[in-house]
Amino acid sequence: MDNHEKQTQYEIASHIGRLLREAFGKGPQSIYVSIHRPFIVIYLKNFLSQTEKILLQQDHSCTVQHTRSLVMESLVPEIKAYLMLFTGMNIREFYYDWGLHNYSGVFVGIATEGDSVDQSTQEWYAGKDEIHREMESISHLIQKIPDETHSYFINERTLLVIRSGILISIGKELIRLGFEESLKLAQRNLEKNHLFNNNHFQKILKSPIVDIFTDWNSHLDKSVIVFILNPSHD
């Protein structure tokens, strides 16, 4: 990584940290920015305010999720603007999720088609077919096998899985009726339960899994999953 890339990542982390501090009263302790065009993955560690901590202790995780969603609605346009400023990437899709049990979070940006996928990201990696089969199996249990599944190692610690075409008719109707947030919460709970309780992923990737995040763009019928790995076991 050259100095320009390091500076870009530092600037992005600094600005996002400030935005989150201003919005939530407390920013993440650490922010890791990984760019592999057209993808950018931003991993947040130790991000939980004192108020949120109290709510979680009282089993109000849904309240924390809902409040954060409301705040993120206003922050996402600003984050996209900063990413355009520092990287030139026009982010057309933006996803986020929280690992409240780990005080962690992730943002995923996907740039416009003009930022074509680097050929190296499409290369085969050990276990790719098995990862796709496991993801399709989990998708089938909850909704249906995706029409398409793609995965990319953004760096050695970050695996991004993208699925398209997973909604079934009942899900589409719930979205039409205005229950998108409830549907997303149900999907997230079910999917994370399967993902965290599936010990095949660690065996396939030959690495402990530190965090798993998942989010959807219901209108595009698209989902992203991010695995944060610890290959060095440190």
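The lining of the second largest pocket draws at least two residues each from β1 (30-36), β2, β7 and β8. Those element names come from DSSP runs numbered from the N terminus, with helices (H or I) of at least four residues and strands (E) of at least two. The biggest contribution here is from β2, with four residues. This is a predicted model, so to speak of local features takes pLDDT of at least 70, side-chain atom pairs count only at pLDDT 80 or more, and totals for chains, interfaces and linings use all residues. Residues are numbered from 1 along each chain as its sequence is written, and side-chain values use heavy atoms, with hydrogens and water left out.

**Two pockets**

A pocket here is an open set of points on a 1 Å grid over the protein atoms alone, where a 1.4 Å probe fits and protein lies on both sides within 12 Å along at least five of seven lines; lining residues have an atom within 4 Å of a point. A volume is the space filled by probe spheres set on the points, which are joined across faces, edges and corners. For the classes, Ala, Val, Leu, Ile, Met, Phe, Trp, Tyr, Cys and Pro are nonpolar, Asp, Glu, Lys and Arg are charged, and the others, Gly among them, are polar.

The second largest pocket holds about 390 Å³. Its lining has 19 residues, with Tyr32, Tyr43, Lys45, Arg157 and Ile228 nearest the centre. By class, that lining has seven nonpolar, seven polar and five charged residues.

The largest pocket comes in at about 650 Å³. Ser69, Tyr96, Lys184, Asp215 and Trp216 are the closest to its centre among 27 lining residues. Two or more residues each come from α3 (61-87), β3, α6 (180-196) and β7 (209-217), and α3 has the largest share, nine residues. The lining splits into ten nonpolar, seven polar and ten charged residues.

**Aromatic rings**

Eleven aromatic pairs turn up in the whole structure. Rings of Phe, Tyr and Trp (its six-membered ring) pair if their centres lie within 6.5 Å; planes under 30 degrees apart are stacked, over 60 edge-to-face, and the rest tilted. Here are two of the pairs:

| Pair | Centres | Planes |
|---|---|---|
| Phe47 and Trp98 | 5.8 Å apart | at 50°, tilted |
| Phe201 and Phe227 | 5.0 Å apart | at 45°, tilted |

Phe47 sits in the loop between β2 (39-45) and α2 (50-57), while Trp98 is in β3 (residues 91-99), so this pair links distant parts of the chain, 51 residues apart. Phe47 and Trp98 are both buried, where buried means under 20% relative accessible area, exposed over 50% and partly exposed in between (1.4 Å probe, protein chains only).

The other pair also links distant parts of the chain, with Phe201 in helix α7 (residues 200-205) and Phe227 in strand β8 (residues 222-229), 26 residues apart. Phe201 is buried at a relative accessible area of 0%, and Phe227 is buried at 0% too.

Ring pairs also tie Phe24, Phe47, Phe94, Tyr96, Trp98 and Phe107 into a cluster. Arg68 lies over the face of Phe24, 5.8 Å from the ring centre, and over the face of Trp98, at 4.4 Å. The cut-off for a charge over a ring is NZ of Lys or CZ of Arg within 6 Å of the ring centre and within 35 degrees of the ring normal.
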